[in-house]
Amino acid sequence: MGTPSVRDLIDSHYESLFRYAVRLSGSAADAEDLTQETFGKALTRLPQLRDADRAKPWLFRILRNEYLHRKRDDRRARVVPLDAVGEPTATLPADGFEIDPQELQAALAELDETFRTPLILFYFEDFIYRDIADQMELPIGTVMSRLARAKAYLRVKLSPLHPTANSQRPPEGE
Amino acid sequence: MTCNLSQLLLAVPPGELAPDDRAALDAHTRSCPTCASLAATDAAIRKAMIAVPVPSGLRDRLYAQADSARAAAWKRRAGWVAAGLAACLALGTGFGAWSYFARPELDADRTTQWLENERMARQQAVGEWLTAQGLPPDLPEPFEFGYHDFHGTGPLGSAELPCVVFRHDRGQCRVYVLHSGAVRLPTGRWGDVTGSEFTHRTIERNGVTYLIAVSTGTTLETFLRRTPAAI
Ligand SMILES: [Zn+2]
């Protein structure tokens, strides 16, 4: 199987990459920049992509690394103490439960990237533990525990029964 | 299925679940309000997570970017096309032959050429930047600049040092460049804030120390230039 062309890569993955970038950075303008940079780098590294089926995690990884370079300085600025968060005890309604994407973005922005990325990738569905672990250069066990803690945090934060659920600060962005 | 098992499976990325597990999980959540509520929360978060509008012109802008990156290589070919045209005219072989010469090259060809240009440009940019830092322009190993990712100051312990980063599919290599004795170097294995672990060694050359660190899963050789035939 040959290496895919850059246009093939763009067609197949630009939308999910852009969505990932928005969720990661909280800004559509930054996300577009990151997406462009990702394909620019992908073009120079195309020979590294030996298995075309792995193109998606490969591209996501390039995007994440680019994001980390840009954010390096304020990475530790907002970290939520995840240990303090427990499972929600109340039962949520099973139907008609909607989450405002803006509220979700605000909740994500409060998380350190090391928790945010596994969370986003988990909800993007087509990533398995191995993909997330590879992208973050972490052991699978670490990914599993970060994911569990981050999900518990998000559930509490976004639960309609949570007292502060409606007093979120506005999403990130210029 | 017990609630314990159900909640364990709910926590797993959907792609990991075998179809049987998936079916059993669905059956359980249909009859258990607690697990149904957890599944509904996940579904709602998932829906919100991907609810991001994608700008309508983005694909075209990405296409344009990819094309202009290739144009650099194309320009170098233009000389050849002109020479081909001159030869055709001289030989009277006519327009058919001209259109053969003018036909776009295979993408792979152009990409290879462009890569080579990119490599040289990056190596030069790094060299100029190192010189501007008062350091020698060349690194002590034949690095593959196709993997060059970043150069600038990078954190090492509490210091910020000139650093060139190469990135491969399997990990990264950082080369810190400093005047020998300027900083006390870390020993043993170390990690960074992204959770990567590194092994490192130093090379001394003409009063300059190169601290080369590679992340787990790679070796220095991963980042070195191979013979053209191997690429
Ligand atoms: Zn249950």
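Mentor: We begin with what counts as a donor: an N, O or S atom within 2.8 Å of the metal (3.2 Å for Na, K and Ca), and since water is not among the atoms, a site may look incomplete. In sequence, the donor residues of the zinc ion follow the spacing C-x24-H-x3-C-x2-C. The model is a predicted one, in which local features need pLDDT of at least 70 and side-chain atom pairs count only at pLDDT 80 or more, while totals for chains, interfaces and linings use all residues, and side-chain values rest on heavy atoms, with hydrogens and water left out. Residues are numbered from 1 along each chain as its sequence is written, and chains are lettered from A and ligands numbered from 1 in the order in which they are written.

The zinc ion is held by the SG atoms of B:Cys3, B:Cys32 and B:Cys35 together with NE2 of B:His28, at 2.0 to 2.4 Å. The angles among these four donor atoms run from 101 to 120°, and the site is tetrahedral, a label given to four donors if all angles lie between 85 and 135 degrees. For comparison, the ideal angle for four tetrahedral donors is 109.5 degrees. B:His28 counts as buried because its relative accessibility is 10%, where buried means under 20% relative accessible area, exposed over 50% and partly exposed in between (1.4 Å probe, protein chains only). B:Cys32 is likewise buried, with a relative accessible area of 10%.

Read from the N terminus, the order in chain B is α-α-α-α-α-α-β-β-β-β-β-β. Of the 231 residues of chain B, 42% are buried, and its accessible surface (Shrake-Rupley method, 1.4 Å probe) comes to about 12200 Å², with 58% belonging to carbon and sulfur atoms.

Chain A is built from seven helices and zero strands. Buried residues make up 56% of its 174 residues, and its accessible surface comes to about 7400 Å², of which 48% belongs to carbon and sulfur atoms. In helix 3 of chain A (residues 55–71) there are 17 residues, and 15 of the 17 are buried.

Over all chains the structure holds seven aromatic pairs, that is, rings of Phe, Tyr and Trp (its six-membered ring) with centres within 6.5 Å, called stacked if the planes are under 30 degrees apart, edge-to-face if over 60 and tilted otherwise. One of them, A:Tyr20 with A:Phe124, is edge-to-face, at 6.5 Å centre to centre and 70° between the planes. Because A:Tyr20 lies in helix 1 and A:Phe124 in the loop between helix 5 and helix 6 of chain A, the pair ties together parts that are 104 residues apart in sequence. A:Tyr20 is buried at 0% relative accessibility, and A:Phe124 is buried at 8%. In chain B, B:Phe145 and B:Phe166 also form an edge-to-face pair, 5.3 Å centre to centre with 80° between the planes. This pair links the loop between helix 6 and strand 1 of chain B, where B:Phe145 sits, to strand 2, which holds B:Phe166, 21 residues apart. Both B:Phe145 and B:Phe166 are buried.

Conventions. Helices (H or I, at least four residues) and strands (E, at least two) are DSSP runs, numbered from the N terminus. The expected span of a helix is 1.5 Å times one less than its number of residues. Four donors count as tetrahedral if all angles lie between 85 and 135 degrees; four count as square planar and six as octahedral if opposite donors are over 155 degrees apart and all others between 65 and 115; anything else is irregular.
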